[in-house]
Amino acid sequence: MTTKRVAVIGAGISGLVSVKCCNDEGLIPVCFEQGDEIAGLWNYHDELRDGEGAALYESMITNTSRDMTCFSDFPFPKETSPFMRHERVLEYYRSYADSFGLHQFIALNTKVVKVEPAQHYRKTGQWILHLKKEGQPVKQELFDAVMCCTGVCTTPYTPDFDGLGDFKGLILHSNKFRRGPDFRGKIVVVVGASNSAGDIAAEISRFAKQVYISMRDGTWLLQRMGSGAPLDMTRNRRIYEQLPESVMNMISQKIVLSQVNHDKLGLKSNRPLHRHVVMINDDIANRIFCGAVKCKTAIKQLTRNSVEFVDGTVVDDVDAVVCATGYNLTFPYIDNDIIADGARNIELYFRVFPPRLNKPTLAVIGTVRVSGPAGPVSELQARWATRVFKGECKLPDEETMMTEVKTRKRNFFEKFGKHGVGVSSIPYQDQIAEFIGAKPNFWKLLLTDPKLAYAVMFEPCYPATYRLTGPGVWDKARETIMNARECDRSRTQSYLQLMSLLVVLFCVCFVVVQRV
Ligand SMILES: Cc1cc2nc3c(=O)[nH]c(=O)nc-3n(C[C@H](O)[C@H](O)[C@H](O)COP(=O)(O)OP(=O)(O)OC[C@H]3O[C@@H](n4cnc5c(N)ncnc54)[C@H](O)[C@@H]3O)c2cc1C
Ligand SMILES: *[C@@H]1O[C@H](CO)[C@@H](O)[C@H](O)[C@H]1NC(C)=O
């Protein structure tokens with residue numbers, strides 16, 4: 001059999017890791033990137049560029065920590081701070097591409113304008129890509145498989161406020177926001193309850209005359225180092241997944257509320273933490289207490305120069321409304337009925353494979369939103385996809401896949417309503433890892449390497465956890481996990497872990513007693 005050629009669309013971090021996974025599996029990747037650089041949205045530009053969805057603002061700092069954000073076999077250098085400015089992240093992804101020799105597989109300045117099944121698709125599973133290079137006619141090329149890595153932040157979404165047309169001030173989507181001083185002396189309303197809204201409101205408030213933040217239903221404000229260790233390290237531990245969701249939610253809420261008084265800040269939400277978007281921000285609380293930022297309800301309507309909120313209050317002389325209201329997920333280059341447009345209509349088995357194709361030769365990487373870093377999830381998806389392309393992993397039949405798709409959709413909406421935030425990282429990652437045989441076996445580890453078993457169950461779920469076993473094992477995985485845990489010591493956590501352990505023990509005893 002000839003080696004399969006795989007088209008990777010996009011050279012953001014999902015694309016980069018897909019190229020690497022193809023190489024690891026002996027497939028030949030050919031990556032097409034419309035822009036002139038790798039690493040996608042981690043490239044900062046002063047202005048929004050053509051076709052660009054999300055973009056960074058100048059002061060942007062990661063909301064996920066170093067040891068959780070890295071790819072599984074490529075840790076950050078030890079001296080990197082736990083959270084970092086965007087430049088540092090870009091540097092990391094560049095050095096990832098250099099280290100694994102990925103550049104030779106990437107064609108820059110090449111836009112994929114169309115992806116369609118090849119003529120004998122039902123037999124071969126092949127795809128035709130229509131490629132557009134600046135100043136050249138569209139070219140077609142045949143591939144054995146396709147990985148769509150074009151990102152989630154593709155099409156900015158701005159709410160259609162009443163009176164939008166009458167408003168004479170500036171309306172700006174957050175992807176065009178770059179820096180606070182642009183709003184010196186202005187009155188600004190920032191709309192949104194998530195990370196970007198918080199960052200932008202806090203930043204603008206240092207320069208503006210007054211900033212208002214408009215939220216439909218408050219938010220849950222989390223601090224990067226709230227419990228003394230990075231947030232994602234505190235949250236993403238396997239042990240917590242053993243607890244009932246309601247117990248976990250109760251504990252998390254208690255911790256969050258002990259760190260930040262949501263009531264006093266006017267941020268209180270009616271939805272529980274695990275069913276609401278979160279705002280990771282270390283400044284906004286202070287900015288609110290200083291009066292530089294004021295909290296408001298949802299916008300009712302705009303008039304010529306004022307904004308009216310649903311609680312009846314009005315702010316006059318508004319210079320700008322900044323909408324940090326997110327993005328719609330679109331795949332303009334592929335037929336709607338293959339993936340389905342819009343985050344709500346997406347039909348993908350475990351958010352990766354379109355269930356209705358009769359050959360599993362197309363995968364979508366990096367569209368699932370999780371409660372942790374994005375990179376490691378894209379990586380697992382890419383490992384799974386390439387194993388499937390190679391024929392080492394099988395997908396179930398269409399019906400089984402459709403059932404999963406429907407259940408996922410239903411759970412998602414029950415949980416989040418229409419403002420979906422994302423799924424819990426660990427169960428999702430573990431499931432994908434199980435498909436490829438890379439899920440660590442706690443009980444086996446307990447017998448062979450108790451220290452590691454402890455780390456795997458009770459400590460943060462580091463990406464390297466998925467390189468301990470199965471295809472793609474990495475001989476430094478254990479060492480990487482053990483090194484990372486050195487940075488992670490805090491009392492809240494030991495306490496939390498003990499509590500979780502007790503609850504688990506209690507549940508086990510309960511079950512045992514019931515059986516007897
Ligand atoms: C402001 C902001 C802050 C964030 N902070 C964090 C964080 O701290 N931690 C974290 O884990 N995640 C964070 N994220 C999430 C972020 O989405 C992921 O970290 C990650 O960058 C997504 O990578 P990606 O490759 O999937 O998509 P992208 O980075 O969007 O890359 C997609 C690539 O595909 C290319 N492309 C698109 N269409 C085509 C086409 N038709 N043909 C050819 N090429 C195409 C684009 O040019 C782009 O290079 C943040 C997101 C934003 C917007
Ligand atoms: C970090 O911020 C980005 C942009 O706002 C968001 O898409 C992502 O979900 C955030 N990550 C977490 C863990 O909250």
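Let me start at ligand 2. One of its oxygen atoms sits 3.5 Å from an N or O atom in the side chain of Ser-196. Keep in mind that this is a predicted model.

Two more side chains reach this ligand. For Asn-195, a side-chain N or O atom is 3.3 Å from an oxygen of ligand 2. For Asn-63, the corresponding distance is 2.3 Å, again to an oxygen of the ligand. How much of ligand 2 does the protein cover? On its own, ligand 2 has 360 Å² of accessible area, and the protein covers 64% of that.

Who else is around it? The surrounding residues are Asn-63, Thr-64, Asn-195, Ser-196, Ile-280 and Gly-372. By class, that shell has one nonpolar residue, five polar ones and no charged ones.

Now the domains. The chain is split into domain 1, residues 5-154 + 328-432, and domain 2, residues 158-223 + 260-325. Which domains supply the shell of ligand 2? Domain 1 and domain 2 each give at least three residues.

The centres of the two domains, taken over C-alpha atoms, are 31 Å apart. Their contact takes 20 residues from domain 1 and 17 residues from domain 2. About 1500 Å² is buried between domain 1 and domain 2. Carbon and sulfur atoms give 47% of that buried area.

On to ligand 1. Here 25 residues are around the ligand. Those that come nearest are Ser-14, Glu-33, Asn-63, Thr-64 and Ala-374. Note Asn-63 and Thr-64: they are also listed around ligand 2.

Next, the backbone contacts of ligand 1. A polar backbone atom of Ile-13 is 2.9 Å from an oxygen of the ligand. Val-112 places a backbone N or O atom 3.0 Å from a nitrogen of ligand 1. Gln-34 does likewise, with a backbone N or O atom 3.1 Å from a ligand nitrogen. As for cover, ligand 1 has 990 Å² of accessible area on its own, and the protein covers 86% of it.

Which elements give two or more residues to this shell? They are α1, residues 13-24, and β4, residues 110-117. Strand β4 gives the most, with three residues.

First, Glu-203. This residue is in helix α5, which runs over residues 195-204. Setting aside neighbours within four places in sequence, Glu-203 is in contact with Ser-59, Phe-177, Arg-179 and Gly-180. What does the Glu-203 side chain reach at Gly-180? It reaches the backbone nitrogen of Gly-180, at 3.2 Å.

Second, Arg-408. Look for this one in helix α13, residues 398-416. The Arg-408 side chain makes a polar contact with the side chain of Glu-404, at 2.8 Å. Then compare the positions of Arg-408 and Arg-351. They are 57 residues apart in sequence, and their C-alpha atoms are 9.2 Å apart in space.

To recap on the ligands: the protein covers 86% of the accessible area of ligand 1 and 64% of that of ligand 2. And the shell of ligand 2 draws on both domain 1 and domain 2.

How values were computed:
Residues numbered from 1 in each chain as written. Chains lettered and ligands numbered in written order. Predicted model: local features only at pLDDT ≥ 70, side-chain atom pairs only at ≥ 80, totals over all residues. Heavy atoms only, no water. Near = heavy atom within 4 Å. Polar contact = N/O pair within 3.5 Å; in protein donor to acceptor, adjacent residues only side chain to side chain. Areas by Shrake-Rupley, 256 points an atom, 1.4 Å probe, with all protein chains shown as cover. Helix = DSSP H or I, 4+ residues; strand = E, 2+ residues; numbered from the N terminus. Nonpolar A, V, L, I, M, F, W, Y, C, P; charged D, E, K, R; others polar. Domains from an automatic or database assignment. Contact = heavy atoms within 4.5 Å. Buried area = accessible area lost by both parts, 1.4 Å probe.
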